[in-house]
Amino acid sequence: MAGASMTLVPGQFELEAELQRLTPAERGPAARFLAEHPPRAGAPLAVVIPAYNEEPTVAGVVAEIPAQAAGLQTEVIVVVDGARDETAERARLAGAFVCDVPVNRGQGAALRLGYWLARARGARVIATIDADGQYDPRELERVVEPILAAEADFVSGSRRLGNELTTDRMRHLGVIVFGALFSLMVGSRVTDPACGLRAMRAELTAAVTLQQPQYQASELMISAALNGFRLAEVPTTMRDRSAHATGTKKEGNLRYGVRFARAAFRTWMRDRRAGRRRLRPEKIHSS
Ligand SMILES: Nc1nc2c(ncn2[C@@H]2O[C@H](COP(=O)(O)OP(=O)(O)O)[C@@H](O)[C@H]2O)c(=O)[nH]1
Ligand SMILES: [Mg+2]
């Protein structure tokens with residue numbers, strides 16, 4: 001069998017090599033996840049949810065993810081890290097596949113691991129949604145559709161094109177200002193640079209550089225655009241964080257804005273000369 005192991009079958013998952021891409025703290029939980037949910041056996045659409053101390057809301061979000069979205073079968077991957085409550089157990093009971101990392105590393109690190117797990121499972125499209133109930137899982141379909149139609153490689157929801165049911169005026173202003181800044185950076189119109197409801201072709205998540213532990217939204221969107229992936233926005237709804245939600249560790253708006261901007265500028269500086277490599281817009285079939 002030595003000969004067989006030397007030939008790399010296309011699409012085969014080389015577990016040991018892939019695990020080396022992860023941080024040491026992630027390897028054990030990721031290997032356990034794949035022992036329970038084997039590589040290359042997942043649904044074509046993986047919905048990745050980062051969750052930190054979201055015990056009151058996570059099960060409701062997981063339960064509302066439709067079994068199919070835009071004709072693709074879904075599976076839900078919740079990445080918990082260092083939560084001090086029952087987030088992981090609640091998500092599991094609600095039917096999600098859960099990866100529970102013992103140390104807290106931030107939302108960006110959790111999403112990066114979620115993308116890795118989704119690719120390991122063989123997902124063709126990866127979507128994300130938050131665990132705090134701010135987005136409507138029924139709108140997942142909207143972000144997935146333009147990808148299946150080969151119109152875009154990365155689709156973000158937009159509260160400004162859709163409904164902004166939030167009361168935070170500073171955040172509202174921030175979204176407008178950063179939207180304008182992002183539009184300049186990526187060379188196309190961005191109205192909502194910080195939407196947690198998004199979908200992308202799975203290979204995009206491996207092709208862009210993701211280093212931000214916390215402020216990942218700006219890095220992902222800017223890096224995707226500067227690497228030649230096609231962005232699109234669709235109208236979605238953003239609600240206020242549920243009164244029951246416990247997990248937010250967001251600092252004040254000013255600090256958040258400064259850090260968000262810093263992540264955006266760093267990514268732009270890093271990737272602005274990236275090759276204009278364009279993915280062939282093949283259609284992703286739902287069969
Ligand atoms: N695993 C993990 N998830 C996180 C972490 N920080 C935030 N999240 C999750 O990321 C999502 C968005 O976080 P939130 O604080 O609501 O950000 P906001 O909506 O942009 O203000 C929620 O589902 C959080 O539970 C973290 O350190 N680890
Ligand atoms: Mg939130």
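**Basis.** I am working with a predicted model, in which local features need pLDDT of at least 70 and side-chain atom pairs count only at pLDDT 80 or more, while totals for chains, interfaces and linings use all residues. Residues are numbered from 1 along each chain as its sequence is written, and chains are lettered from A and ligands numbered from 1 in the order in which they are written.

**Helix pair.** I looked up helix α3 (residues 24-36) and helix α6 (residues 107-121), and found that their axes come within 11 Å and cross at roughly 30 degrees. Helices here are DSSP runs of H or I with at least four residues, strands are runs of E with at least two, and both are numbered from the N terminus; the axes are lines fitted to C-alpha atoms over the stretch in contact, with angles from 0 to 180 degrees between N-to-C directions. The crossing of α3 past α6 is right-handed, that is, the near helix is turned clockwise from the far one by less than a right angle. I noted Glu26, Ala30, Phe33 and Leu34 on the α3 side of the contact, and Leu113, Trp116, Leu117 and Ala120 on the α6 side, where contact requires C-beta atoms, placed from the backbone, within 7 Å. By class, these residues are seven nonpolar, no polar and one charged (Ala, Val, Leu, Ile, Met, Phe, Trp, Tyr, Cys and Pro count as nonpolar, Asp, Glu, Lys and Arg as charged, and the others, Gly among them, as polar).

**Ligand 1.** I counted 19 residues around ligand 1, with Pro50, Tyr52, Ala110, Asp130 and Ala131 the closest; a residue belongs here if its C-beta atom, placed from the backbone, lies within 6 Å. Two or more residues of the shell come from each of β1 (45-51), β3 (72-81) and α6, and β3 gives the most, with three. The shell has seven nonpolar, seven polar and five charged residues.

**Single residues.** I found arginine 124 in the loop between α6 and β5 (125-128), and it counts as buried because 20 C-beta neighbours lie inside 10 Å (buried means 20 or more other C-beta atoms within 10 Å, exposed 12 or fewer, and partly exposed in between, with C-beta atoms placed from the backbone). Its C-alpha atom is 8.4 Å from that of alanine 43, although the two are 81 residues apart along the chain.

I then checked phi, since most residues other than glycine have a negative value. Arginine 40, in the loop between α3 and β1, has a positive phi of about 65 degrees and is exposed, with 11 C-beta neighbours inside 10 Å. Alanine 70, in the loop between β2 (68-69) and β3, has a positive phi of about 50 degrees, but alanine 70 is buried, with 22 other C-beta atoms within 10 Å.

Notes
Contact = placed C-beta atoms within 7 Å.
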